Amino acid sequence: YGRRISVRFCSSGMTLDNINREAVDRIIRVDHAGEYGANRIYAGQMAVLGRTSVGPVIQKMWDQEKDHLKKFNELMVAFRVRPTILMPFWNVVGFALGAGTALLGKEGAMACTVAVEESIAHHYNNQIRTLMEKEPEKYEELLQVIRKFRDEELEHHDIGLEHDAELAPAYTVLKSIIQAGCRVAIYLSERL
């Protein structure tokens, strides 16, 4: 009571007292929502394609996404960030997107992966730029997390291309629609 509580993020100087709370709250909230959505997409893909030859590839990417979500769950608690109110919606929409594109076949699932992971990597790059404009040394460990996850999302993107994403029916249209949905999801999850 009456004492200041200071939570340190690993070994950096990033504490609840010395950060731009609004920026960090938005970053953690939207990244948590995005990683949750990605988990649901891969769950949908595995429900349809899990027993096929591409199942192990999807499972490997999903396992990385589970690690991403775990880390953002920890950050939500450490920095007392509330989740987006849209989590139940992302639960259903993510699974439906994963399963729906997987019903188009391996190529459809991989097209979804390419579209989503490209959108997320772009979003992570924007966050990195934002944090670098502020005092980057203060946010170094958060920056490390975002950079690592961005790099893994780009690996997933490349895996999707290697597994014939561009052969999906109406690939360009499908990719554009999914990426438009990602932009809306990012916008809403940052704010709600």
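**Salt bridges and a helix: worked exercises**

Arg26, Glu190 and Arg191 are linked in a network of salt bridges (a salt bridge is a side-chain nitrogen of Lys or Arg within 4 Å of a carboxyl oxygen of Asp or Glu). The model is predicted, so local features need pLDDT of at least 70 and side-chain atom pairs count only at pLDDT 80 or more, while totals for chains, interfaces and linings use all residues. Residues are numbered from 1 along each chain as its sequence is written, and side-chain values use heavy atoms, with hydrogens and water left out.

**Exercise 1.** Determine the N to O distance between arginine 191 and glutamate 190, and classify the exposure of arginine 191 and of glutamate 190.

*Solution.*
- The closest N and O atoms of arginine 191 and glutamate 190 are 3.0 Å apart, and the two residues form a salt bridge.
- Buried means under 20% relative accessible area, exposed over 50%, and partly exposed in between (1.4 Å probe, protein chains only).
- Arginine 191 has 37% relative accessibility and therefore counts as partly exposed.
- Glutamate 190 has a relative accessible area of 18%, so this residue is buried.

**Exercise 2.** Locate the salt bridge of lysine 66 and aspartate 63 in the fold.

*Solution.*
- The side chains of lysine 66 and aspartate 63 meet at 3.9 Å, N to O.
- Both residues lie in helix 2 (residues 55-78), 3 residues apart, about one turn of the helix; helices (H or I, at least four residues) are DSSP runs, numbered from the N terminus.
- Lysine 66 is partly exposed at 36% relative accessibility, and aspartate 63 is likewise partly exposed, at 34%.

**Exercise 3.** State which parts of the chain are joined by lysine 106 and aspartate 164.

*Solution.*
- A salt bridge joins lysine 106 to aspartate 164, with 3.1 Å between the closest N and O atoms.
- This pair links distant parts of the chain, 58 residues apart: lysine 106 is in helix 4, and aspartate 164 is in the loop between helix 5 (140-162) and helix 6.
- Lysine 106 has a relative accessible area of 25% and is partly exposed; aspartate 164, at 29%, is partly exposed.

**Exercise 4.** Describe the span of helix 3 and the packing of its buried residues.

*Solution.*
- Helix 3 (residues 87-102) has 16 residues and reaches 22 Å from its first C-alpha to its last, close to the 22 Å expected; the expected span is 1.5 Å times one less than the number of residues.
- Its buried residues are Met87, Trp90, Gly94, Gly98, Ala99, Thr101 and Ala102.
- These buried residues pack against helix 1 (21-49), helix 4 (106-133) and helix 6 (171-191), where contact means heavy atoms within 4.5 Å.

Key: Helices (H or I, at least four residues) and strands (E, at least two) are DSSP runs, numbered from the N terminus.
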